[in-house]
Amino acid sequence: MKQSAEVQGSRFDAARWAVAIVLVALAVAGNAYFADQALLYRVLGVVVLGVGAAAVALTTTKGRALTELARGSRKEIQRVVWPTRPETIQTTAIVLVAVVLVGILLWLIDTLLGWAMSGIIG
C-alpha cells in the first residue's frame with residue numbers, strides 16, 4: 001500500500017514542481033514589473049509567493065524527504081554532548097598556539113627562501 005502511495009505521490013510531483021517554479025517566476029516577474037511601487041509591497045509579494053512555492057515544493061516526495069531529514073537532524077542535535085566552557089577555552093587556546101607556530105614557521109621558510117633567491121639572483 002505504501003509503495004502505491006509513493007507512486008501516486010510521485011505522479012503529481014512534476015505538476016507540483018511546475019507550480020512551485022511558476023510561483024517563483026511570478027515573484028521575479030512581478031518584482032520587475034512593479035518596480036515603480038514601494039519596496040515594502042514588492043518584498044511582501046515576493047515573500048508571499050516564495051512561501052507559497054516552498055509550501056507546494058514541500059508536498060512533493062523530495063520535499064517530504066527534506067522535512068524528515070530536518071526532523072532527524074534536530075533530534076540528532078539534541079543528542080550531541082556540547083563541550084563545557086573550560087573545554088572550549090582550552091581547545092581555542094591550543095588552536096591559536098598552533099596557528100601562531102605554523103605562521104612563524106612559514107615566515108622563517110619564506111625568509112630563508114627569499115635570502116637564498118637573493119643570493120642566487122644577485
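This is a short walk through one protein model, from its overall form down to a single residue.

Good morning, everyone. A word of caution before the tour: the model is predicted. Please keep that in mind throughout.

Let's take the whole chain. The protein has five helices and zero strands. Along the sequence, the pattern reads α-α-α-α-α. The C-alpha atoms fill roughly 70 × 45 × 30 Å.

Of the 122 residues, 7% are buried. Residues 24 or more positions apart account for 62% of them.

Next, the annotation. An unreviewed UniProt entry places the feature "transmembrane region" at residues 12-33, 39-58 and 89-109. What does the model show for two of these spans? Residues 39-58 are 95% helix and 0% strand. The C-alpha atoms at the ends of that span lie 28 Å apart. Residues 89-109 are 100% helix, again with 0% strand. Here the end C-alpha atoms are 30 Å apart.

Let's zoom in on one helix pair. In general, two packed helices are described by the angle between their axes and the distance between the axes. Our pair is α2, residues 13-33, and α3, residues 39-57. Their axes come within 8 Å. The crossing angle is roughly 170°. Are α2 and α3 roughly parallel or roughly antiparallel? Angles over 145 degrees count as roughly antiparallel, and therefore α2 and α3 are roughly antiparallel to each other.

Who meets whom? On the α2 side, the residues in contact are R16, W17, V19, A20, L23, V24, L26, A27 and N31. On the α3 side, they are R42, V46, L49, G52, A53, V56 and A57. By class, this contact has 12 nonpolar residues, two polar and two charged.

One last stop: V22. This residue sits in helix α2. Is V22 buried, partly exposed or exposed? Its relative accessibility is 47%. Now look across to A53, one of the α3 residues in the contact. V22 and A53 are 31 residues apart in sequence. In space, their C-alpha atoms are 8.2 Å apart.

That's the tour. Thank you.

Notes:
Residues are numbered from 1 along each chain as its sequence is written. This is a predicted model: local features need pLDDT of at least 70, side-chain atom pairs count only at pLDDT 80 or more; totals for chains, interfaces and linings use all residues. Side-chain values use heavy atoms; hydrogens and water are left out. UniProt positions are given in the numbering used here, feature names are shortened, and annotations may be inferred rather than shown by experiment. Helices (H or I, at least four residues) and strands (E, at least two) are DSSP runs, numbered from the N terminus. Axes are lines fitted to C-alpha atoms, for helices over the stretch in contact, and angles run from 0 to 180 degrees between N-to-C directions. Angles under 35 degrees count as roughly parallel, over 145 as roughly antiparallel, 65 to 115 as roughly perpendicular and the rest as oblique. Contact means heavy atoms within 4.5 Å. Ala, Val, Leu, Ile, Met, Phe, Trp, Tyr, Cys and Pro count as nonpolar, Asp, Glu, Lys and Arg as charged, and the others, Gly among them, as polar. Buried means under 20% relative accessible area, exposed over 50%, partly exposed in between (1.4 Å probe, protein chains only).
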